[in-house]
Structures are given as C-alpha cells and as structure tokens.
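Subject: Structure for you to look at

Hello,

Here is the structure I said I would pass on.

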Amino acid sequence: MASVHAFGHALWLAWRALLHRPGQAAVIVLGVSFALAAPRFTLQASELVEGLLMSRAESSPILLGAKGAPVELTLAGLFFTGRPQDPTPYAALAEARRWGEAAPLVVRHSAGGAPVVGTSVEYLERRGLTVREGRRFAVLGELLAGASVADRAGLKPGDQLRSDGVNPNDLGAAAPLLLQVVGVLAPTGGPDDGALFTDVRTTWALDGALHGHGAATPETLAGEDADGQALNSAVMLAEEAALESLSGFHLHGEMSDQPISAVLLWPRDDKARDQLLGEVALHPRLMAVQPPEVMARLWSMALQARRGLWVIFAAVGLTTAAFVAQTLSLSLRLRAPERALWRDLGASRRRVALIVGVELAVLFGAAALLALGLSELGLWALQAALAP
Amino acid sequence: MSEADPLSVEVEGLSHTTADGFVLRLPRWTVSRGAQVAVLGPSGSGKTTLLRLLAGLILPTSGRLLVEGLVLTESDEAARRAHRQQHVALLQQDSPVMEALTVEENVLLPFRLSPGRTLDEAARDRARRLLLALGLGGLVHRGADRLSAGERQRVALARALVVRPRLLLCDEATASLDPAAAARSLNLTQTVCDEEGLTLLWVTHDLGLAARLPQRLLLGGEA
C-alpha cells in the first residue's frame, strides 16, 4: 500500500514537473515519437501493401496473355491498371478452358473515371463477388458496378453511365456508349470494388467492332445537322442502339479473333497447371505468368529499398537518442537542487530515483503512445489511399 | 524522549574538525525546550557546521550530542535520518521551492516525499493555517515561480513547520531579504514557535536580528 502511495505521489510530482516545462517535454516527446513512429509505420505499411498485393496474386494462379512484359500483364489482370502491350485473341479463352476454369479480361476502357472490365460470370464467381443490389449483367450494354465506384458516384440499378470518350481528334474512334447499370457488388476491400464489370462483348462494342447500322442513304452518310456539322450516321449512335436495337448488332470478323487483354485461369489441378505452362512456353504468341511469382519478384525489389530506409532510420534514431540524452542530462543537472530538497524533506534515495524514473517513464510512455497513434494514423491514411 | 524532558539540545565536550582543518569546539552547551537562541559568529566560525551536527547530517569528531532525546553520537545513520524527519526542521538561506507547484503544494511536499507521513485533510488544514499565520493566506494557489524572495522563504518556513518538528534550525534564513522583511520574517517565525512550543536556533550575522532573540550563542567568542 505504501508503495502504491509512493508511486502515486511520484506520478503526481512527475506530471506537475512536466506541465511546468511543456515546451521541453513536447520537444522530447515529439522527437522520440517520430523516431519510433517512422520505422514502425514503414514496417507495417510495407506489410499492409505486401498483404494486399500478395493476397490478390495468390487468388489469381495464372494469367494468359500476349508475349511481352509479365509485370504489365499482371498489373492489368489483377489490378486493372495499365494494359498489356498487345491484345490476345478471344480464342485463347477456349484454349485455356482445356486446363481449368477461365475468364476473359478486357481492360482498356473506362466510364466515369473507373475501369470498365469486360469479363464473364466465371470471373464473378471465382472471385466470390456477390451482388448487393440489382442483378448481374446479362445483355450487351449492362454494367455491374463495384461497391466503391457505386458509392462514390451514387450509382444504383437503373442509372446510366456514359463510357469515357476517346481522343476527339481520332475520327475513326467509336463513339462513347451509354451503359446501363443493372447491379452493384458487395464490397470486398480489393481492386474489384473500384471497377465496373460488363460482358466481354460490351467492350467490343466500346471498341466499335460490335455495332448496329442505320439505314445508309446519301442524306445520312454525309449530312448536316442543326449545328451545321458533318455527320456520318451510317453507324448508328451506339448509345441509342445498345438499348433499343440489340437484334441489329453484329460483329465484323470472327468472334475468336476479337481482342481481349488476358485470360485469368484457375487450373483444375497441379498436373493441368504444369501441362499448361509447358505448352504455352512453346507457343509463338502467348505467355503464361504466375502472378504470385511476379508479385514476389516486384516485392523483393521494394524490400531492397526498405533495407536502405532502415539505415536512415537507425541514423535518425541514434541522433534523436543523443539529443534526448543530452537534454535530459542537462535537465537533471539543472534540477539537482530540487532533488537535494526532496532528500532534505525526507525522501530516501530510492524515492528520489522513483520520482525521476516515473517522470522519464511518463515522457517516454507519452512518446511511445504518440508514436503508436502517428503510425496508426499513417496506416489509416495509407489504407484510405489504397482503397479502390 | 519524553515530553517532560526539559532539554532540547545537550552538548558535552563536542569537537569537530572539518576537511579544511577548521576545529569547532563546544565544551558544554544546553538549550531548553521552547527556547529561542541566536547563533552568532564571524564567517568560518562554525555556525553552519553546528546546525549540520544538530540536524544529524554529520557526526562530531568527538564528544556527545543529544538532540530531542536522541544521542546522535551513538546512533546509526538510519536512526538519525528518521529522527531528523520526525523532530528537526532545517531551513537554509534561499531554501528552494519547487517552481512547478503552488504555494500550498510546496508546503505539503514533505507528505508526498516521506514514507511515514500521510497527506490528509488535517495536513491541509495545518498548511493553510501556517500560511495564514505567515501572511501567505492569499497566495495559497499561486505558482511558486511567481513569488518574491521573501515569500519563498516564508513558504519554506511553512514547509519546515508543517510536519510539527520540535527543533527548528534556521541557517541565515533571512540573509537574502532586506532588513525590514528579515525582521518581519523573524517575528512571524518566533510567533509560530511560541504557539507551537518549538525550540528555535537562528544562525545570523545580523546583530539587530540577534538582539530580537532572548538567548544568544556566540561562536569564536563568548555567549
């Protein structure tokens, strides 16, 4: 009980002493907390990013695409960023299905700033994407919105969304399509939340390869509209046609030749995976990448950069420790009369040591708590920034 | 020690040699309980050494020294420290106060530092009464960093008295004050000592102040 009282009095004295010199206390607390928070944040942030990247990669066993850069194919197939250098023919999907379940991926369009991903229902099922509201896409021109996109843009079933325009100077480019939102996905916390999903054929319509024609007459081929602009209305405005006249749509060329970005493949077993990798290795135009390996290689490069950071953190930590030691040493010397007074008033050496120790513990405890708060705040900001 | 013991201090054949070779000799000297004694003498005459001996902070080279019932010269350090904490208050020139604390908190500081004391309402009442008696009643909650030198000295005096010592040792306690403030401080101290029945030993260079005390001990000369 006496020791509890002694600790209580020591804590009270330490608290009052710190409040009397708030500037000095704040400098020490801030210096120590930053020195502690920086490496902790770096470590946890890298673990967070690694976890996000690797969990996505682990759930994506194999990507098939045109020979080229494996990293670009992986980023496009997993995170819908960038795009593979060359498209792959749709026929690769049928090839892939010999070894397991496969879904096509077309990642080269966007609507409202979000990527429009052309795929099939297999993708939704293998990724475990469930519909929060409405239904899945069924026909040409229908969109299923990821949770984040829907929340950000306020999309709900029944809304319409125009695909983002292409270069206005490209006269040969297809016109934007007015797409129909038919459903919203439940959130997953992954890249799927930030994408719009549609049937792969809709992306071909966005390319202009799948379209409908109006009646081609001399008047419509190169007429004048009310604004005096020359129009070529031989190709129907797709945004109208997609919704009203699907039966008139047709594809120029063979479906198997239509371009897709990649095929995401879940081999039925290890043997099938090995056979696939062996066959594709000899293929003249296709390559197969295993996203876990690609991401692991990428991540090992990031880890090398992190090792450099540790050297910097160690230097900052040592400098801070020296600064804090110097400040505390000076403070202890300046406050020697205070400790002598405590002794005169009956404090034992142990009691004096307790008071000094508690004051230091309060300082470093506050610094540790602040460091924890700062690093958690940083992680929260990082998670918000990484959210789809 | 008993309350009936008429002596607060009893010295017999005391001799103490300091590290620089100075020798303090006091063949026989007694102080009655409740007495108020001025200790006078030129610089280097051993006034402060005498107070440190009486406080049990140092031991004489030879002789017998009894303070408030304890023979210090026959006691170990722990016993002397416990005795000092219980019965003796030492107030030095420019006794420090903790600037981080208020006036009242400074006075109550011994209760937070000494394991044998309890900070309760009675202690707070006594602290407030002492501050009132010493003219600091209006400054109870003022920060000690905003006090004048005289006010600090009175806070230190209240802090020394709050633990109910029997012997109050003041070593040049008013040396940093102007003569009027020093006289006022001595008057207040004497009043409190009278009320509390304390024995007061007041070391000073100031003959005027010494004249205000009923007894005097002259070191380096005759009493």
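In chain A, among contacts between residues at least 6 apart in sequence, 75% join residues at least 24 apart. Two residues are in contact if their C-beta atoms, placed from the backbone, lie within 7 Å. This is a predicted model, in which local features need pLDDT of at least 70 and side-chain atom pairs count only at pLDDT 80 or more, while totals for chains, interfaces and linings use all residues. Residues are numbered from 1 along each chain as its sequence is written, and chains are lettered from A and ligands numbered from 1 in the order in which they are written.

Chain A

Chain A has 13 helices and 16 strands. Helices (H or I, at least four residues) and strands (E, at least two) are DSSP runs, numbered from the N terminus. Of the 388 residues of chain A, 34% count as buried. A residue is buried if 20 or more other C-beta atoms lie within 10 Å of its own, exposed if 12 or fewer, and partly exposed in between, with C-beta atoms placed from the backbone.

Strand 1 of chain A (residues 62-66) has five of its five residues buried, so it is largely enclosed by the rest of the structure. Strand 1 of chain A pairs in the antiparallel sense with strand 15 of chain A (residues 262-267) over three bridges; two strands pair if DSSP finds at least two bridges between them. There, A:Leu63 stands opposite A:Leu264. Strand 1 of chain A is also joined by four bridges to strand 16 of chain A (residues 286-289), again running antiparallel, and A:Leu64 has A:Ala288 as its bridge partner in that strand.

Helix 7 of chain A (residues 200-207) is likewise largely enclosed by the rest of the structure, because seven of its eight residues are buried. Among the buried ones are A:Arg201, A:Trp204 and A:Leu206. After helix 7 of chain A comes A:Gly208, with a positive phi near 95 degrees.

Helix 2 (residues 22-58) and helix 11 (residues 291-334) of chain A pack at an angle of about 170 degrees, their axes 9 Å apart. Axes are lines fitted to C-alpha atoms, for helices over the stretch in contact, and angles run from 0 to 180 degrees between N-to-C directions. Helix 2 and helix 11 of chain A are therefore roughly antiparallel to each other (angles under 35 degrees count as roughly parallel, over 145 as roughly antiparallel, 65 to 115 as roughly perpendicular and the rest as oblique). The residues of this contact divide into 17 nonpolar, eight polar and three charged. Ala, Val, Leu, Ile, Met, Phe, Trp, Tyr, Cys and Pro count as nonpolar, Asp, Glu, Lys and Arg as charged, and the others, Gly among them, as polar.

Between the chains

The contact takes 17 residues from chain A and 13 residues from chain B. On the side of chain A that touches chain B, helix 1 (2-20) and helix 12 (336-344) of chain A each supply at least two residues. Helix 1 of chain A gives the most, with eight residues.

Chain B

Four strands of chain B form an open sheet in the order 2-1-4-5, with antiparallel pairing. Strand 2 (23-32) and strand 5 (70-71) of chain B are at the edges with a single partner strand each, so one side of each is left without a neighbour in the sheet. Helix 1 of chain B (residues 47-54) packs on this sheet and touches strand 1, strand 2 and strand 4 of chain B.

Another open sheet in chain B has five strands in the order 6-7-8-3-9, and its pairing is parallel. Its edge strands are strand 6 (88-92) and strand 9 (215-218) of chain B. Strand 7 (residues 167-171) and strand 8 (residues 199-203) of chain B pair over five bridges, with B:Asp171 opposite B:Val203. Helix 6 of chain B (residues 149-161) lies across strand 6 and strand 7 of chain B.

The largest nonpolar core has 77 residues, and B:Leu91 and B:Ala158 are among those that touch the most other members. A nonpolar core is a set of buried Ala, Val, Leu, Ile, Met, Phe, Trp, Tyr and Cys residues joined through C-beta atoms within 7 Å. Helix 6 of chain B provides the largest share of this core, six residues.

Regards
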